[in-house]
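Please read this briefing with the sequence and the model side by side.

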Amino acid sequence: MKRDMKAYAKELLALAKAKGCAGAEVCITENDEFSVGVLKGSVEEYSVSGSFALGLRVQVEGRNGYAYTEAMEDGERLVREAMDNARSVASTDEHPMAGPAEYPEVPAKPNALEGMSAGDRIELCRALERAALSKSPLVKRVALCRVAAGRGRFCIYNTLGLEAEREDGVSCCYVEPVAERGQEVKDGFAFRADGEAGDIEGCAKEAVEEALNQLGAGPVSPGKYRVLLRNDAAASLLAAFSGMFSADAVQKGLSPLMGKEGQAVASHLITIVDDPMHPVSPTPFDDEGTPSVSKAVVDKGVLSTLLHNLKTAKKAGVKSTSNGGRGSAGSPVGVRPSNFYIRPGEEEFEALKERLGSGLLITDFAGMHAGVNGVSGQFSLSCKGRLIENGQDVRAVNEITIGGSFTGLLAQVEAVGKDIRFSMPGGSCFGSPSLLIKEAAISGK
Amino acid sequence: MISEATAQRALEEAMRAGGDFAELYMEDGESHSIAMLQGVVENAAYSRRHGAGIRILKGSQSAYAYTVDTSEEALLETARAAGAIISGEGGRTQPFSVYRDVRQAPAQPFSGVENARRIALLMEGTKAAQSVSPEISRVSAGYFDTDKEVLICNSEGLWARDRRYRTRLSFDAVASDGSENQTGGERPAYGMGYEAYERIDAAEAGRTAANTAVTMLHAPECPAGHVPVVIDGGFGGVILHEACVHSLEATSVARGNSEFCGRLGQQIASPIVTAVDDGTLPGEWGSIRIDDEGTPSRRNVLIENGILKSYLVDRLGARLMNHPMTGSARRQGYEYAPTSRMTNTFFAPGRDDEEEMIRTMGEGLYAARMGGGSVNPLTGEFNFSVLEGYWVKDGRIFSPVRGAALIGRGAEVLMRIDRIGRRMWMGHGMCGSRSGSVPTNVGQPRIRVSAMTVGGKGGSL
């Protein structure tokens with residue numbers, strides 16, 4: 001079944017035209033993935049794969065229809081399904097396709113595992129486990145220890161003559177050590193990605209500290225607390241609420257930012273940037289083939305733009321912000337952030353901790369998929385961290401929740417750290433520095 | 001699907017590396033989805049998924065490789081890729097001798113259904129939701145169906161086939177007073193063909209979604225604290241799913257990463273608690289005829305009168321735990337090696353009066369509709385969100401409350417269940433874990449927990 005993908009894409013485009021489609025587009029993804037997990041020095045899980053997928057979008061009477069396949073053998077069926085789907089669409093919103101364009105040069109992302117053999121990666125994974133076990137006598141085992149790497153190719157071809165192809169790679173290592181003291185059992189987690197994916201010492205040290213930092217944890221009494229949101233926790237909250245910056249969500253009335261463009265939605269200390277060319281994961285064009293554009297989404301607290309694809313841009317009478325996104329090769333084109341981050345400020349983390357005075361340092365949230373509501377903008381999340389009194393670290397905290405609205409929290413930001421950190425690599429990258437929050441509602445016992 | 005001869009050669013190639021067990025999983029299927037907003041179809045999509053995965057076990061080691069190219073040449077290459085890290089003497093591959101073909105055709109296959117009929121269902125639910133209140137500002141609706149054939153064969157001579165089909169509707173309503181939004185959702189789902197819509201009432205689902213949104217729009221913030229909590233039946237069973245059964249999966253237990261390790265035969269829950277995972281319920285969303293290792297599905301009593309009776313165990317887990325397999329191996333698709341997962345998981349009905357448990361609770365939270373949650377099996381710390389909650393004072397429902405979350409530790413909360421009602425029903429969800437996202441049911445009668453931490457924005461009532 002191996003065949004020339006580009007040639008097959010061209011055949012499909014011609015077939016769609018012949019069947020009467022006004023336009024058509026083929027999106028192809030090809031991925032190679034590798035992952036290894038080690039426990040007690042031996043390989044516990046090992047997985048390798050090669051995959052490809054093809055998505056067809058057709059335009060019939062001004063409407064888009066989609067079909068997707070992993071078995072590239074029945075072009076007629078694919079075109080028919082896509083055309084049927086286009087005819088089922090009733091929305092009259094125009095969704096144009098991109099034509100050919102000049103793309104910016106983007107630097108290659110560093111990849112510490114590039115060129116490393118499977119054997120070397122397995123060795124690296126073993127070394128990561130050993131490093132984690134060596135960091136504290138309280139750590140006698142790890143629950144999870146992995147090294148993973150992948151390469152992907154993403155191509156779009158359409159009847160306007162667009163031929164856009166890009167490649168990217170990700171690599172990472174992560175470890176979850178278990179610390180035990182008496183009856184108490186706590187785990188920690190840390191990862192290193194891409195250029196740092198070989199930093200097993202740093203990864204192991206951080207993960208073990210995370211586990212040890214939870215020993216002796218207990219709740220605090222419910223009330224209003226000053227909060228220092230550590231960079232990684234802040235980045236995960238930003239990721240969970242990033243959907244509200246989508247023009248698609250706003251136009252559909254499914255975002256609390258509806259009608260807020262040009263208005264203050266956060267403290268003036270907050271600037272949120274979406275930069276597809278940021279070195280954390282640079283890309284020349286988005287999933288529709290629009291050349292990458294860097295922009296401030298929130299500029300000193302003011303919502304300056306939403307994230308657009310070609311469809312939402314057309315509807316709003318603006319230009320696409322190069323945020324066209326596809327969940328898979330066959331998903332209807334939506335909106336997704338690229339490298340989306342809160343711009344770092346000036347303050348050292350330790351200085352923020354001092355400024356916190358008495359309050360909570362929050363280091364991790366749980367249950368993001370359930371506790372965050374992107375339509376209302378509200379959240380109520382289980383979290384953990386440390387209790388700080390007069391700038392001094394007192395003890396570990398868990399079994400508490402923090403509640404509020406995302407923009408409400410951003411409005412309460414009193415200081416922004418310089419310690420920006422990005423989350424685990426994925427389709428989009430989310431980053432934030434640590435944020436000092438005036439007041440937030442905490443529940444406990 | 002591939003021939004027996006091709007499968008045999010792929011398994012032999014996999015066993016050549018030196019494993020003691022090899023398995024081939026292949027799937028080929030299609031799905032349809034439609035998205036509607038405010039009664040207007042926004043998108044429609046068709047997907048064909050096709051691929052195979054080969055797994056080799058050697059003792060406690062597992063190697064997995066997958067491919068979308070299912071030609072014999074590609075399968076042999078995939079077998080070699082998985083075998084790359086296995087070393088030893090090549091094991092024997094038994095000829096196929098155990099034939100387990102459990103394929104059944106749905107009464108109404110999806111391929112014969114016009115999009116117009118699917119759209120009519122979405123429209124019906126949307127209109128019903130919109131008619132609940134003028135405050136309903138948006139209704140999104142979604143339709144999904146899937147029908148796939150799977151082949152599972154292994155080096156011990158098993159040749160198993162199944163056909164799996166499911167369908168689901170979703171309605172999400174937004175209620176707005178102009179300045180703020182609240183949401184409600186409902187997602188009825190069955191493991192059936194299109195005949196599922198003889199059971200699913202789209203209008204009722206739409207109304208349910210809208211009612212929650214409107215109720216929450218007028219609800220004050222939930223107070224925070226440690227109080228008694230009554231959780232209603234149906235999707236309320238997510239508490240069992242998160243707080244307990246994830247920690248009974250071999251995925252956690254086999255490697256010592258669960259608070260319930262080594263507790264078989266011991267009391268881990270209040271004596272009124274009996275908990276079951278049953279994949280055999282006909283037509284249910286979480287049901288499977290055979291699991292993804294080809295083992296027949298079954299009813300597993302996990303907890304009986306508070307005593308831990310069984311874990312959920314897949315083949316690898318069985319090796320590590322010296323525990324029989326429970327027909328619980330599942331995976332999202334060929335991209336994942338299977339592991340122990342839930343099917344339809346529920347608290348069995350008890351003997352308590354549903355009204356009495358609220359009347360005698362004093363002050364606390366009545367969680368009428370639950371959202372999703374998560375758990376860390378190692379520590380047992382869980383969390384979940386409450387979609388529709390009511391504050392109870394002096395045993396009477398005092399006010400709806402929004403923004404509530406429930407957190408705690410599994411072992412603690414199981415011991416604190418002091419009431420279990422008589423009528424059990426189930427809700428439908430998607431469960432994410434190591435082997436991807438799989439459809440599961442959760443269920444329970446109305447229950448009461450004597451004390452739980454309720455989180456929110458700290459409202460006062």
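With the side chain of which residue does the side chain of Arg419(B) make a polar contact? The partner is the side chain of Glu356(B), at 2.8 Å, where a polar contact is a pair of N or O atoms within 3.5 Å, and within protein one atom must be able to donate a hydrogen and the other to accept it, while residues adjacent in sequence count only if both atoms are side-chain atoms. This is a predicted model, in which local features need pLDDT of at least 70 and side-chain atom pairs count only at pLDDT 80 or more, whereas totals for chains, interfaces and linings use all residues. Residues are numbered from 1 along each chain as its sequence is written, chains are lettered from A and ligands numbered from 1 in the order in which they are written, and side-chain values use heavy atoms, with hydrogens and water left out.

**Surroundings of Arg419(B)**

- Arg419(B) is found in strand E20 (residues 417-420) of chain B, where helices (H or I, at least four residues) and strands (E, at least two) are DSSP runs numbered from the N terminus.
- Leaving out residues up to four places away in sequence, Arg419(B) touches several residues, among them Ile272(B), Asp352(B), Glu356(B) and Arg448(B), contact meaning heavy atoms within 4.5 Å.
- Arg419(B) and Pro324(B) are 95 residues apart along the chain, and their C-alpha atoms are separated by 32 Å.

**Where chain A meets chain B**

- In chain A, 71 residues are in contact with 68 residues of chain B.
- The two chains bury about 5,600 Å² between them, 50% of it on carbon and sulfur atoms; buried area is the accessible area (1.4 Å probe) that two parts lose on being put together, summed over both.
- On the side of chain A, Tyr46(A), Glu70(A) and Glu399(A) lose the most area to chain B, together 11% of what that side buries.
- Across this interface there are 37 residue pairs in polar contact, both residues being at pLDDT 80 or more.
- Strand E2 (residues 42-60) of chain A gives the largest share of the side of chain A that touches chain B, namely 10 residues.
- The residues on that side divide into 27 nonpolar, 26 polar and 18 charged, with Ala, Val, Leu, Ile, Met, Phe, Trp, Tyr, Cys and Pro counted as nonpolar, Asp, Glu, Lys and Arg as charged, and the others, Gly among them, as polar.

**Two residues that reach the other chain**

- Thr183(B), placed in strand E7 (residues 181-186) of chain B, makes a polar contact through its side chain with the side chain of Asn373(A) at 2.7 Å.
- Thr183(B) is buried, with a relative accessible area of 18%, where buried means under 20% relative accessible area, exposed over 50%, and partly exposed in between (1.4 Å probe, protein chains only).
- Ser443(A) is found in strand E22 (residues 435-443) of chain A, and the side chain of Ser443(A) reaches the backbone oxygen of Val454(B) at 2.5 Å.
- Ser443(A) is buried, with a relative accessible area of 0%, and the residues that Ser443(A) touches include Pro222(A), Glu399(A), Ala224(B) and Gly456(B).

**Salt bridges**

- Side chains of opposite charge can pair when their charged atoms come close.
- Over all chains the structure holds 73 salt bridges, each being a side-chain nitrogen of Lys or Arg within 4 Å of a carboxyl oxygen of Asp or Glu.
- The interface of chain A and chain B has 8 salt bridges, and Arg77(A) forms a salt bridge with Glu30(B), with the closest N and O atoms 3.0 Å apart.
- Glu25(A) forms a salt bridge with Arg326(A), with the closest N and O atoms 2.4 Å apart.
- Glu25(A) lies in strand E1 (residues 23-39) of chain A and Arg326(A) in the loop between strand E12 (324-325) and strand E13 (334-335) of chain A, so the pair ties together parts that are 301 residues apart in sequence.
- Both Glu25(A) and Arg326(A) are buried.

**Cysteines**

- The count comes to 0 disulfides over all chains, a disulfide being a pair of cysteine sulfur atoms within 2.5 Å.
- Cys125(A) is in no disulfide, and the nearest cysteine sulfur, that of Cys145(A), is 3.9 Å away.
- Cys125(A) is buried, with a relative accessible area of 0%, and Cys145(A) is buried, with a relative accessible area of 2%.
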